[in-house]
Amino acid sequence: MRRISRTLITAALVAAVIGGTAGFASGDSQRPVTGAPAGTAEWRAAGLPDPERMSPAEVARFFAGLSPVRQRELARTHPTVVGNLDGAPLELRYAANARVTHGAFGDARVLAHDGRGRGQVALVYGDLARAEHVSVIVPGSDIDAGHLRPLTDMADELRRATGGRTAVVAWAGYTTPVGVGLDAATGRLAEAGAERLTGFVDGLAAVGAAEPSLFCHSYGSVVCGLAAHDLKAKDLVVFGSPGMRADNVAELGTAARVWAAKDPTDWIDRVPNVEVGDLGHGADPADPAFGARRIAADDAAGHGGYFAPGTSSLRAFAAIAEGDVR
C-alpha cells in the first residue's frame with residue numbers, strides 16, 4: 001500500500017506541476033496526425049506504389065527509376081503525396097509543396113507540408129543538397145503550421161550564428177501538445193512524432209544529405225529521446241528538456257553524441273523528473289548523472305532563450321552544428 005500511495009502521490013504531483021507551471025492552462029487533448037499523406041488514395045488508384053509500404057530508401061529507388069519528365073508529372077498531379085514522401089528528390093518535393101503552399105512560408109523552401117489537423121511543415125533554410133553540415137530543429141508545445149515564429153526564429157539564429165554555412169531545417173513535422181497539460185506530461189504525441197522524425201531523417205540520408213545534428217527543445221526532446229535508437233544523426237542536442245524517457249545516455253541506444261543545456265531561470269526545472277506509467281518523462285538530461293555532454297547556458301533567459309544572440313548556448317549550438325567540437 002505504501003508503494004501504491006507513493007506512486008499516486010508522485011503522479012498527482014507531476015500532473016499538478018505540469019498543469020500549473022508558469023501559469024499555463026491545460027491544453028486540449030490532441031489527436032496525432034499519422035499515416036500516409038493526404039491524396040494517397042488517388043496515388044494508389046493510379047497504380048503507384050503504396051507510400052506506407054515503402055521505406056525512404058525504397059522511395060529514392062522508385063524515383064531514380066523514373067525519367068525527369070515522369071517525376072515532374074507526378075509532382076504536378078499528386079503534389080500532396082510527392083511533397084511529403086521521405087526519400088523523394090529534394091527539388092521535386094520543393095516543387096510539389098510550392099504548388100500547395102503558394103509562398104505562404106516566405107523565403108524558406110518547403111520540404112514537407114501536411115494540411116491535416118493543425119498543420120505540419122518542414123522549412124529549409126540554405127542548400128540542403130550541398131551543405132557540408134545540416135541541422136534539424138525539433139520544437140516543443142504549441143508549434144504547428146500556423147504558429148511557427150518561435151521555431152523559425154531558432155532556425156534563423158542558428159543559421160546566422162554559423163555564418164550561413166549550415167543548412168537548417170525547422171521541422172514542425174509532428175502534432176505537438178497545446179499548452180502545458182496532460183498531453184505535454186505523457187508520451188503519446190511524442191511516440192507518434194518519433195516515428196515521423198525517424199522517417200524524415202531517413203529521407204535525408206536517402207537523398208544524400210549530410211548526417212544532421214538534431215536540436216530538440218522542451219517536449220521535442222521527448223520525441224528525440226524516443227526516436228534516438230533509430231535516428232541517423234551525429235548529434236542530439238536537448239535544451240529545456242523535461243526528460244528523454246531514458247535514465248541515462250546509454251539507454252537511448254544511439255551512437256550520436258548527446259548534449260544537454262538548461263538555464264537556471266527555465267521553468268522546466270520545476271517539473272519533477274519522474275516517470276510513472278505514461279506520466280512524466282524521466283531523468284533530467286542536464287543532470288551530470290545522465291551522462292550527456294553539458295552545454296553552458298547560464299546567460300540564457302527562460303524556457304525559450306537558448307538561441308538568443310550572444311548567449312553561450314547559441315555559440316555552443318553553432319559550434320556543434322559546424323562540427324567544431326569533439
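This is a predicted model: local features need pLDDT of at least 70, side-chain atom pairs count only at pLDDT 80 or more; totals for chains, interfaces and linings use all residues.
Residues are numbered from 1 along each chain as its sequence is written. Local features need pLDDT of at least 70 and side-chain atom pairs count only at pLDDT 80 or more, while totals for chains, interfaces and linings use all residues, and side-chain values use heavy atoms, with hydrogens and water left out.

View 1. Look for His-113 in strand S1, residues 109-114 (strands are DSSP runs of E, at least two residues, and helices are runs of H or I, at least four, numbered from the N terminus). His-113 is buried, because its relative accessible area is 18% (buried means under 20%, exposed over 50%, partly exposed in between, with a 1.4 Å probe and protein chains only). Leaving aside residues up to four places away in sequence, His-113 touches Gly-83, Asn-84, Asn-97, Val-100, Thr-101, Phe-105, Gln-120 and Val-121 (contact means heavy atoms within 4.5 Å).

**View 2. The largest pocket.** On a 1 Å grid over the protein atoms alone, a pocket is an open set of points where a 1.4 Å probe fits, with protein on both sides within 12 Å along at least five of seven lines; lining residues have an atom within 4 Å of a point. Of the 30 lining residues of the largest pocket, Gly-35, Asn-84, Asp-86, Arg-196 and Gly-199 are the closest to its centre. Helix H9 gives the most to this lining, with seven residues.

**View 3. The second largest pocket.** Here 26 residues form the lining, and Gly-140, Ser-141, His-217, Ser-218 and His-303 are the closest to the centre. Helix H7 (residues 149-161) supplies the largest share of this lining, four residues.
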